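Please open the model in a viewer and keep the selection tool at hand.

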Amino acid sequence: FPTMKSLLSFQRSFILLLNLLPLFLSSCNCHIPTTLEGPFLPVTVPFDVSTRGNTFDLPDTDPRVRRQVVGFEPEQISLSLSSTHDSVWVSWITGEFQIGYNIKPLDPKTVASVVHYGTSRFELGNEAEGQSLIYNQLYPFEGLQNYTSGIIHHVRLTGLEPSTLYYYQCGDPSLHAMSDIYYFRTMPISGPQSYPGRIAIVGDLGLTYNTTTTISHMTSNEPDLILLIGDVSYANLYLTNGTGSDCYSCSFPDTPIHETYQPRWDYWGRFMQSLVSRVPIMVVEGNHEIELQAGNKTFEAYSSRFAFPSEESGSPSTFYYSFNAGGVHFIMLGGYINYDKTGEQYRWLERDLANVDRSTTPWLVATWHPPWYSTYVAHYREAECMRVEMEELLYSYSVDIVFNGHVHAYERSNRVYNYKLDSCGPVHIAVGDGGNREKMSIPFVDEPGHCPDPETTPGSYMGDFCATNFTSGPAAGKFCWDRQADYSAFRESSFGYGIFEVKNETWALWTWYRNQDSYKEVGDQIYIVRQPDICPVGQRVYSNCVASF
């Protein structure tokens, strides 16, 4: 039996806990806000100088980026989705890349593209064949090294069942060059109550030690799908001899062309294989994928290394496409090609939006690399021409959320349209904080002396000059706000990524995680709530949803 002394000790401890409980509850952010409670007053989390992180790239000696296979055995294995649940792409590379002055491209016809797959790892009874290719990165200047890739294979598996675990093995059986057995789970069938569990969203990833933390944390959160919103390997921060820099133009201002070191793509593919060989990854291009070379060719590595559901979604391009993941329709758009109303991308977007059935895919999510709504100095209003051309169309179809990268920090907006708070506008979320070598974006345009000259804002490949002074609201007559803009709800300079979890046809949970925390600790979290009753598809842009400042 307990003694009187132990009972008194327990009583004192219990009373102490009761006294501390109000303090705990007051400091615990137990309530998860919803967009129904917005618009929210802007919040800025002060920059913590201890979180700059290790932005050094992994060296080519790191075992995680070195070639582990022999001969024509597959490596850099990855998955991507087709436009619907019943089809998945499997991609891999065989053979070794070459870099130097006298390269000889491999012949893709010498190695078959075969996938064996099935619902039991002991009986891979189905077989699919696909296509293969190589690409070159060539520089017509003396002293620059050229590159030719290994053989890149893309095989589309069809006739798959929804929400089903499949095992697969890829390679060329005739050469006895098959991979280990891997697995993946298909997306759920599209429907208003059918969604993937967790969708990871990340941008501007690169291959630094910060990147390894991002991917480690992301893996621990067990995503069912990954969206990479541009800027993948950062191979264009290097010269062809492998010399790299945090700032290419600062370190190498006199190169005759913007060089790249293409083996960084192979390092990236090897590092990512353990995750993306079992979790599909959907990629859209960023500015670091441009990679200009001889003949004015661009985006060769991006367009060759990944499989895209372009044809399945009616797109003629790898730069824009769409797909379903359960009851979510994702639209991936290109910020570095023609987006004018008269262009092919815009006409494709009109067709794609018109074909979306919101009774089957209630959620409509759009992504592209450069953000339209950002309050950081870096890339401020750089994509204004794209916004002018496309925002009205996306708004008229009640796009729910927009994900971007490009700015190396985190920012979440209130619902916004045309720079005004609007309960029918999408929530814009910038997650260009994946961990790349160029370090974080820190200064804000509303800080004294940080508002950029408007003429400096247009970026290369971003079209004409479109960003002018605001004509209404608190910033009327100015190019920047004097305080954090009302459309900016939350911003913080930290590396990390986000998880998007759709709960039903109107509620979804968005969670942003910071690298300096444990993988379970939340940096920002909100329920994004659709309101189809007040924001019907096909509404006019002059709706009564607009809120005044």
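Begin with helix 6 (residues 344–355) and helix 7 (residues 384–396), which pack at an angle of about 5° with their axes 11 Å apart. The structure is a predicted model. Angles under 35 degrees count as roughly parallel, and helix 6 and helix 7 are therefore roughly parallel to each other. To display the contact, select Gln-345, Tyr-346, Leu-349, Glu-350 and Leu-353 in helix 6, together with Glu-389, Met-390, Leu-393 and Leu-394 in helix 7. The residues of this contact divide into 6 nonpolar, 1 polar and 2 charged.

Next, select helix 2 (residues 209–220) and helix 4 (residues 263–276). Their axes lie 11 Å apart and the packing angle is about 10°, so helix 2 and helix 4 are likewise roughly parallel to each other. On the side of helix 2, the contact is made by Thr-212, Ile-215, Met-218 and Thr-219; on the side of helix 4, by Phe-271, Met-272 and Leu-275. The residues in the contact of helix 2 with helix 4 comprise 5 nonpolar, 2 polar and no charged.

From helix 2, proceed to Asn-221, in the loop between helix 2 and strand 15 (225–228). Is Asn-221 buried or exposed? Its relative accessible area is 10%, which means that Asn-221 is buried. Leaving aside neighbours within four places in sequence, show the residues in contact with Asn-221: Arg-198, Tyr-497, Ile-499, Tyr-513 and Tyr-519.

The aromatic rings form the next topic. A search of the whole structure finds 36 aromatic pairs. One of them joins Phe-403 and Phe-500 in an edge-to-face arrangement, with 5.9 Å centre to centre and 70° between the planes. This pair links distant parts of the chain, since Phe-403 belongs to strand 20 (residues 401–404) and Phe-500 to strand 25 (residues 496–502), 97 residues apart. Phe-403 counts as buried because its relative accessibility is 0%, and Phe-500 counts as buried at 1%.

Remain on strand 25 and select Tyr-497 with Tyr-513. These two form a stacked aromatic pair, 5.5 Å centre to centre and with 25° between the planes. Tyr-497 in strand 25 and Tyr-513 in strand 26 (residues 507–514) are 16 residues apart, and the pair links distant parts of the chain. Both Tyr-497 and Tyr-513 are buried, and both are among the contacts of Asn-221.

For a cluster linked by ring pairs, select Trp-265, Trp-268, Phe-299, Tyr-302, Phe-306, Phe-308, Phe-319, Tyr-321, Phe-323 and Phe-330.

The charged end of Arg-381 sits over the ring of Phe-470, 4.4 Å from the ring centre. Arg-530 lies over the face of Trp-363, at 5.8 Å from the ring centre.

The last stops concern the backbone. Most residues other than glycine have a negative phi, and most peptide bonds are trans. Select Gly-38 and Pro-39: the peptide bond between them is cis, with omega near 0°. Pro-39 lies in the loop between helix 1 (4–27) and strand 1 (43–44).

Then select His-176, in the loop between strand 11 (165–172) and strand 12 (177–178). Phi of His-176 is positive, near 55°, and His-176 counts as exposed at 73% relative accessibility.

Finish at Asn-418, in the loop between strand 21 (410–417) and strand 22 (420–421). Asn-418 has a positive phi of about 55°, and Asn-418 counts as partly exposed at 35% relative accessibility.

Terms used:
Residues are numbered from 1 along each chain as its sequence is written. This is a predicted model: local features need pLDDT of at least 70, side-chain atom pairs count only at pLDDT 80 or more; totals for chains, interfaces and linings use all residues. Side-chain values use heavy atoms; hydrogens and water are left out. Rings of Phe, Tyr and Trp (its six-membered ring) pair if their centres lie within 6.5 Å; planes under 30 degrees apart count as stacked, over 60 as edge-to-face and the rest as tilted. Helices (H or I, at least four residues) and strands (E, at least two) are DSSP runs, numbered from the N terminus. Buried means under 20% relative accessible area, exposed over 50%, partly exposed in between (1.4 Å probe, protein chains only). A charge sits over a ring if NZ of Lys or CZ of Arg is within 6 Å of the ring centre and within 35 degrees of the ring normal. Axes are lines fitted to C-alpha atoms, for helices over the stretch in contact, and angles run from 0 to 180 degrees between N-to-C directions. Angles under 35 degrees count as roughly parallel, over 145 as roughly antiparallel, 65 to 115 as roughly perpendicular and the rest as oblique. Contact means heavy atoms within 4.5 Å. Ala, Val, Leu, Ile, Met, Phe, Trp, Tyr, Cys and Pro count as nonpolar, Asp, Glu, Lys and Arg as charged, and the others, Gly among them, as polar.
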